[in-house]
Structures are given as C-alpha cells and as structure tokens.
Amino acid sequence: MRLTTSLLLALPISLATADQPAQNPLQAWLDKAKSYLPTAATAPVAFTASKAARTTVTTLTKENWQSVLTPSSTDPFSGPETWMVFFTGGNKTCYGRCTVVETAWNESAVLLAADPTAPKLAMADCEKSPVLCAIWAANPPTVWHIQLPVTGVDQSKPATTVRIIGLNTTTTTARDIVKIHTEKTYEKRPVYESALHPFNGWVAQYGLSTPLGYVMYGFANVPSWAFMIVISMGSRFMM
C-alpha cells in the first residue's frame with residue numbers, strides 16, 4: 001500500500017518534468033549562474049562583467065575598423081566569419097539611455113566567450129568615435145550582425161551580409177543579446193542594403209566612406225541657428 005501511494009505521488013512530478021521543453025545548455029547555464037547571485041551583488045557583478053568584456057571585445061575606431069573586420073582565415077572553404085558589433089553612446093549620442101543596454105552587452109560578452117561557436121565581438125562608442133558612427137550611419141544602441149565572406153577559389157568575393165538589431169534601452173537583457181547567436185534571432189531582421197553600407201555600398205566601393213563620414217559629422221555639429229543665418233543670407237542674395 002505504501003509503495004502504491006509513493007508511486008501515485010511521484011507520477012505528477014514525472015509528468016510535469018516530461019512536459020517541460022528541453023532547454024538550451026547555454027541558457028540553462030545562464031539561469032543557474034544568475035540564481036547564485038544575490039540581488040545586492042548586482043553592481044559588483046556588472047562591474048566585473050565590464051572588466052571581463054574588455055578582454056573579449058575589440059574596440060573599433062575610425063582608424064582600425066577596416067583592419068579588424070577582416071576574415072582571419074584565407075581558406076575558401078571555411079565559410080564566412082561572423083561578427084557582432086555593438087554600438088553604444090553617451091549623453092549626446094544616446095541621450096544617456098544606453099547604460100542598461102551596455103551592462104547587458106558586457107554580461108552577454110562573458111557568456112558568449114564560453115561558447116566555441118560564438119561570433120567574434122566588437123563595439124564602438126559613438127560618443128568617443130563619432131566619425132566612425134557617421135561612416136557606418138550607425139545609431140546606438142544597436143547590434144550589427146555581420147558575416148564577412150572569404151575570397152573564393154576563383155578569387156571572387158561574395159557580398160558582406162549585415163543585419164541590424166535594435167535594442168530596447170530599458171528592457172534589453174544579456175539573454176536577449178545571447179539569443180541573437182544561440183537562437184539566430186538576427187534572421188528576423190532584413191539584410192541591410194544601402195549606399196552607406198560600410199562594406200558593399202557604392203560610397204565604400206569608391207573610397208568615399210571616411211570623407212563622407214567627416215562631412216556628416218560636421219553637419220551634425222553645426223548649430224541650427226547657423227543654418228538659419230545661411231538660409232536667410234542666401235534668400236536675400238537670391239532676391
């Protein structure tokens with residue numbers, strides 16, 4: 001009788017376990033790791049994640065981005081090299097709302113570093129590198145998922161595939177960013193096509209990206225009243 005009772009009590013537990021979907025191993029590790037952290041430890045953990053991210057994430061500037069974002073392999077059969085580039089900013093370029101997203105990025109960088117299949121990671125701060133962000137026409141906070149092709153056996157080179165994932169400034173978590181890779185959520189975004197495409201656009205093909213970037217950065221920093229004066233003087237001259 002006791003054996004029958006024990007079996008009946010265990011039956012609902014086994015059925016509930018069977019109904020649970022299989023969990024992604026990386027996601028399971030993330031949930032387990034977070035369960036060990038007390039709420040009071042949030043700030044120290046965020047600081048530690050920020051320090052750890054510096055060793056796994058390459059900082060892009062207007063001087064180095066073209067050399068950094070180059071396939072590390074020359075094997076034509078290796079397939080494209082995948083990168084995730086995070087664009088952040090400060091008070092001027094992100095209106096002071098990128099703090100939450102930047103913390104999530106730092107945490108996700110640490111988690112992705114433990115995944116051998118993860119893409120390479122880079123980031124750019126539009127507050128510190130405004131010309132670079134102008135060259136890319138990038139608005140923070142966003143993650144650019146980039147697949148860099150390798151030159152083929154016939155010396156042909158396919159186009160670089162870019163998808164831009166916008167990030168919510170208040171609700172984005174490390175889990176959301178990790179899913180870009182683990183669940184391929186980037187595929188929900190359209191392939192980026194524009195004259196300002198940093199790799200395939202005609203501006204880049206003619207070597208005009210950097211000059212145009214400086215021009216766009218200059219216009220962005222001209223005060224509105226200066227434009228009004230120019231327009232007023234121009235209208236008077238025309239009359």
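In this predicted model, residues 24 or more positions apart account for 73% of the contacts in the protein chain with a separation of 6 or more. The protein chain has ten helices and five strands. Of its 239 residues, 34% count as buried. The accessible surface of the chain comes to about 15,100 Å², and 61% of this area belongs to carbon and sulfur atoms.

**The sheet and its helices**

Strands of a sheet pair through backbone hydrogen bonds, in either a parallel or an antiparallel manner. Here, five strands form an open sheet with mixed pairing, in the order 1-3-2-4-5. Strand 1 (57–59) and strand 5 (161–166) stand at the edges with a single partner strand each, so one side of each has no neighbour in the sheet. From one strand to the next, the twist averages 25°.

Strand 4 (residues 142–148) pairs with strand 5 in the antiparallel sense over six bridges. H145 stands opposite R163 in strand 5. Helix 5 (residues 99–113) packs on the sheet and touches strand 1, strand 2 (81–88), strand 3 (120–125) and strand 4. The direction of helix 5 makes about 155° with that of strand 2. Helix 7 (residues 174–182) lies across strand 2, strand 4 and strand 5, and runs at about 155° to strand 2.

**Salt bridges**

Side chains of opposite charge can pair when their charged atoms come close. The structure holds two salt bridges, which are set out in the table.

| Salt bridge | N to O distance | Relative accessible area |
|---|---|---|
| E63 and K62 | 2.7 Å | E63 58%; K62 32% |
| K120 and E81 | 3.7 Å | K120 36%; E81 13% |

In the pair of K120 and E81, K120 lies in strand 3 and E81 in strand 2, so the bridge ties together parts that are 39 residues apart in sequence. E81 counts as buried because its relative accessible area is 13%, and buried means under 20%. K120 is partly exposed. In the other pair, E63 is exposed, whereas K62 is partly exposed.

**A nonpolar patch**

Which residues form a nonpolar patch on the surface? They are W202, Y206 and L208, and together they have about 390 Å² of accessible area. L208 is found in the loop between helix 8 (202–205) and helix 9 (209–220). With a relative accessibility of 39%, L208 counts as partly exposed.

Definitions and conventions: Residues numbered from 1 in each chain as written. Predicted model: local features only at pLDDT ≥ 70, side-chain atom pairs only at ≥ 80, totals over all residues. Heavy atoms only, no water. Helix = DSSP H or I, 4+ residues; strand = E, 2+ residues; numbered from the N terminus. Buried < 20%, exposed > 50% of the residue type's maximum accessible area, 1.4 Å probe, protein only. Contact = heavy atoms within 4.5 Å. Areas by Shrake-Rupley, 256 points an atom, 1.4 Å probe, with all protein chains shown as cover. Patch = residues over 30% accessible without salt bridge, like charges linked within 9 Å, V, L, I, M, F, W, Y side chains within 5 Å. Salt bridge = Lys/Arg side-chain N within 4 Å of Asp/Glu carboxyl O. Pairing = 2+ DSSP bridges. Axes fitted to C-alpha atoms, helices over the stretch in contact; angles between N-to-C directions.
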